[in-house]
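Reader: I am new to this structure and would like a close look at one part of it, the disulfides. Please take them one after another and say where the linked residues sit.

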Amino acid sequence: MGLPPLVWDERVASYARWYAQSRRGDCALVHSSGPYGENLFWGSGTGWAPSQAVGAWLSERPRYNYWSNSCACAPGRECGHYTQIVWRATTSVGCARVVCDDGGVFMTCNYYPPRNVVGQRPY
């Protein structure tokens with residue numbers, strides 16, 4: 001895409017850690033409604049690595065149609081995680097992972113500045 005790499009931001013990561021800890025009890029895929037863009041991941045069992053969450057989000061790329069600026073996908077399938085990662089105006093990221101009380105894994109990556117604006121192209 002010719003985009004600069006995202007930079008790790010400890011302030012954003014601190015927020016991600018706080019939010020991940022708050023989901024430890026239920027592992028629910030509920031957005032924080034905080035000041036950052038946000039991608040969430042849940043996996044059953046404890047063997048999930050952050051690279052697998054990011055890989056799942058990036059796997060949405062084929063569903064995004066740049067020319068129509070839309071997700072070309074079946075109901076229930078998304079591409080917004082992908083567009084959040086590649087949003088040109090986003091410069092930094094912070095992520096966190098927690099093992100939940102039910103034995104699953106919850107991960108969040110937060111992005112600054114937040115983007116993924118409906119009707120605008122990510123790049």
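Author: Cys27 and Cys100 are both buried. A disulfide joins these two residues, Cys27 and Cys100, with an S to S distance of 2.2 Å. This link connects distant parts of the chain, since the two residues are 73 residues apart. Cys27 lies in the loop between α1 (10-22) and β2 (37-43), while Cys100 lies in the loop between β5 (92-99) and β6 (105-112). About the S-S bond the link of Cys27 and Cys100 has 80° and is right-handed. The model is a predicted one, and a search of the whole structure finds 3 disulfides.

Another of these disulfides joins Cys71 to Cys79, with an S to S distance of 1.8 Å. The link of Cys71 and Cys79 is left-handed, with -80° about the S-S bond. The two ends can be taken separately. Cys79 has 3% relative accessibility and therefore counts as buried. Cys71 has 35% relative accessibility, so Cys71 counts as partly exposed.

Asn65 and Cys79 are 14 residues apart in sequence, and their C-alpha atoms are 9.4 Å apart in space. Asn65 belongs to strand β3, which covers residues 64-65. Its relative accessibility is 29%, so Asn65 counts as partly exposed. A polar atom of the side chain of Asn65 lies 2.9 Å from the backbone nitrogen of Ser68.

There remains the pair Cys95 and Cys109, which form a disulfide with their sulfur atoms 2.0 Å apart. Here, too, the pair links distant parts of the chain: Cys95 is in strand β5 and Cys109 in strand β6, 14 residues apart. The disulfide of Cys95 and Cys109 is right-handed because the torsion about its S-S bond is about 110°. Cys109 has a relative accessible area of 6% and is therefore buried. Cys95 has a relative accessible area of 23%; the cut-off for buried is under 20%, so Cys95 is partly exposed.

The pairing can also be written as a pattern. With bonded cysteines counted along the chain, the disulfides of the protein follow 1-5, 2-3, 4-6. In residue names, the pairs are Cys27 with Cys100, Cys71 with Cys79, and Cys95 with Cys109.

Notes
Residues are numbered from 1 along each chain as its sequence is written. This is a predicted model: local features need pLDDT of at least 70, side-chain atom pairs count only at pLDDT 80 or more; totals for chains, interfaces and linings use all residues. Side-chain values use heavy atoms; hydrogens and water are left out. Helices (H or I, at least four residues) and strands (E, at least two) are DSSP runs, numbered from the N terminus. Buried means under 20% relative accessible area, exposed over 50%, partly exposed in between (1.4 Å probe, protein chains only). A polar contact is a pair of N or O atoms within 3.5 Å; within protein, one must be able to donate a hydrogen and the other to accept it, and residues adjacent in sequence count only if both atoms are side-chain atoms. A disulfide is a pair of cysteine sulfur atoms within 2.5 Å.
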